[in-house]
Amino acid sequence: SSSANSQTRWGQGSLYSLVGSTWTYVQSIVASSGDYGLGHSVGLSDDGNTLVAGAPYRTSMMSSSPGYVAMYVYGDLCSANEYVSNSQCNACPAGTVRACCDVKTGGNTACVATSCAKNFHVVSNSCVRCPSGQLRPAGDLASGVDTFCEAPSGTWSLLGAIISGERFGDYSGVSVSISDDGTRMVIGATHSPSTGTNPVGHARVFEYNVGSGWSQLGVDIDGTRANGDFGHTVVISGDGSTVAIGEPNYNVNNWVTAPGAVHVYKYDAGSNSWIGLGQDYSGNVMNTISPDNWGAWSGDSTSTSPQKVGTAFSLTYDGTIIAVGAPEPYTSSGGAGSHTGEVMVFQLLWATADQYGGVDRWQWTQISTKINYQSILVPSGAGGMTGWDAAGDIGTSVSLSSDGTTIAVGLPFTHVSNTAG
């Protein structure tokens with residue numbers, strides 16, 4: 001939200017719950033003071049009960065904005081090592097523990113030694129995930145009586161401390177993404193000046209631990225190209241092991257316009273670092289997916305329209321398949337300068353020297369034909385409208401199912417032509 005007089009950017013995030021077939025308003029989370037831009041980017045855990053919200057505009061002078069990211073959890077909560085009795089929080093007895101964070105209105109709980117994870121309940125001495133939209137606090141004794149999940153109630157509470165940008169001008173929180181269980185998140189900061197005076201951008205990954213809160217996992221993942229907007233879009237896989245970072249103005253080979261890129265990294269616990277995922281013909285790290293090193297896109301070095309790879313992309317649960325949008329490539333069929341757009345899907349596959357030359361390696365390989373305006377069908381019920389307009393910016397938004405078998409693609413500027421026949 002904003003004020004017409006003061007031009008502040010307070011910002012807010014609004015939560016809705018699906019009741020029957022209607023989205024019902026639940027609560028709004030508003031920035032505590034002006035010029036934050038809270039809600040510029042948001043991410044929600046798989047169970048819908050942990051929220052991350054980015055606020056890249058810390059002050060009214062956007063050029064000196066460090067930005068910040070805040071985490072919220074839904075419900076009136078007890079702390080770690082507390083249990084619920086008659087809707088009240090009580091300290092666990094000596095020698096017992098309970099994970100954070102029980103919902104006060106979720107029923108009585110007990111401190112245990114061996115327990116189920118958050119949003120799992122006990123069925124026949126086994127921990128079973130709660131049905132979609134229902135909750136269960138962590139800590140049910142797996143060998144105890146059967147337990148039941150319940151619909152959420154309460155309000156959103158801040159989970160841990162706010163995570164601020166490292167310096168003024170970072171725009172930290174311009175993009176965020178959260179793992180399915182809500183314990184890991186990645187934060188983009190496109191204006192981090194890590195190299196020289198021109199910003200290259202970076203991404204940071206944080207992990208939540210009971211008792212210690214949010215702590216950085218590995219070191220900063222820095223961009224390498226000045227003004228490439230590294231961190232413009234970030235995605236973390238459902239299992240939290242893999243991150244993909246967009247850089248829509250990436251340009252290595254001095255193309256007329258920057259083609260953009262997506263960079264993929266996997267966490268290595270042994271070195272506590274994020275390692276580039278993928279290799280080239282010589283076995284060197286090749287974790288960048290871009291028209292600069294893939295000839296499959298329709299654009300070329302003389303294109304007058306940027307491809308904008310790195311604007312939108314999506315990972316499967318384990319991070320081994322990625323769908324990448326290129327919303328603005330030039331194609332001759334679309335006409336010079338038209339934004340036809342397309343989407344390509346890649347999978348991390350084992351490539352042997354016998355099959356592909358070079359050395360044996362893990363390589364990002366295209367696994368399907370491109371999705372472009374020529375492959376989109378006219379919807380039923382369109383009447384006499386039979387042809388799609390080419391300038392649709394296909395790939396402006398992309399979402400891939402957790403197993404990689406279904407994809408949704410946004411076409412924000414497409415319409416159908418009213419033709420005879």
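View 1. W350 comes out as partly exposed, at a relative accessible area of 43%. (Buried means under 20% relative accessible area, exposed over 50%, and partly exposed in between, using a 1.4 Å probe and protein chains only.) What you are looking at is a predicted model, where local features need pLDDT of at least 70, side-chain atom pairs count only at pLDDT 80 or more, and totals for chains, interfaces and linings use all residues. Residues are numbered from 1 along each chain as its sequence is written, and side-chain values use heavy atoms, with hydrogens and water left out.

The structure has three aromatic pairs. (Rings of Phe, Tyr and Trp, the last by its six-membered ring, pair if their centres lie within 6.5 Å; planes under 30 degrees apart count as stacked, over 60 as edge-to-face and the rest as tilted.) In one of them, the ring centres of W350 and W362 sit 5.3 Å apart with the planes at 65 degrees, so this pair is edge-to-face. It links distant parts of the chain, twelve residues apart: W350 belongs to strand β24 (residues 342-351) and W362 to strand β25 (residues 361-366). (Strands are DSSP runs of E with at least two residues, numbered from the N terminus.) W362 is partly exposed as well, with 43% relative accessibility.

**View 2. Now for strand β24 and the strands it pairs with.** Seven of the ten residues of β24 are buried, so the rest of the structure largely encloses this strand. Which strands does β24 join through six bridges, running antiparallel? One is β25, and another is β23 (residues 321-326). (Two strands pair if DSSP finds at least two bridges between them.) To spot the β25 side, look for L348, whose bridge partner is W364.

View 3. The structure holds six salt bridges. (That means a side-chain nitrogen of Lys or Arg within 4 Å of a carboxyl oxygen of Asp or Glu.) In this one, K370 meets E342, with the closest N and O atoms 4.0 Å apart. The two come from distant parts of the chain, 28 residues apart: K370 sits in the loop between β25 and β26, and E342 in strand β24. Is each one buried or partly exposed? K370 is partly exposed at 26% relative accessibility, while E342 is buried at 2%.

View 4. E207 and R184 form a salt bridge, and their closest N and O atoms are 3.0 Å apart. E207 lies in strand β14 (residues 202-209) and R184 in strand β13 (residues 184-189), so the pair ties together parts that are 23 residues apart in sequence. Both E207 and R184 are buried.

**View 5. Last up is a network of salt bridges.** Four residues are linked here: E166, R167, D170 and R204. Pick out D170 and R167, whose side chains meet in a salt bridge at 3.9 Å, N to O. D170 is buried, with a relative accessible area of 0%, whereas R167 is partly exposed at 34%.

Note on methods
Helix = DSSP H or I, 4+ residues; strand = E, 2+ residues; numbered from the N terminus.
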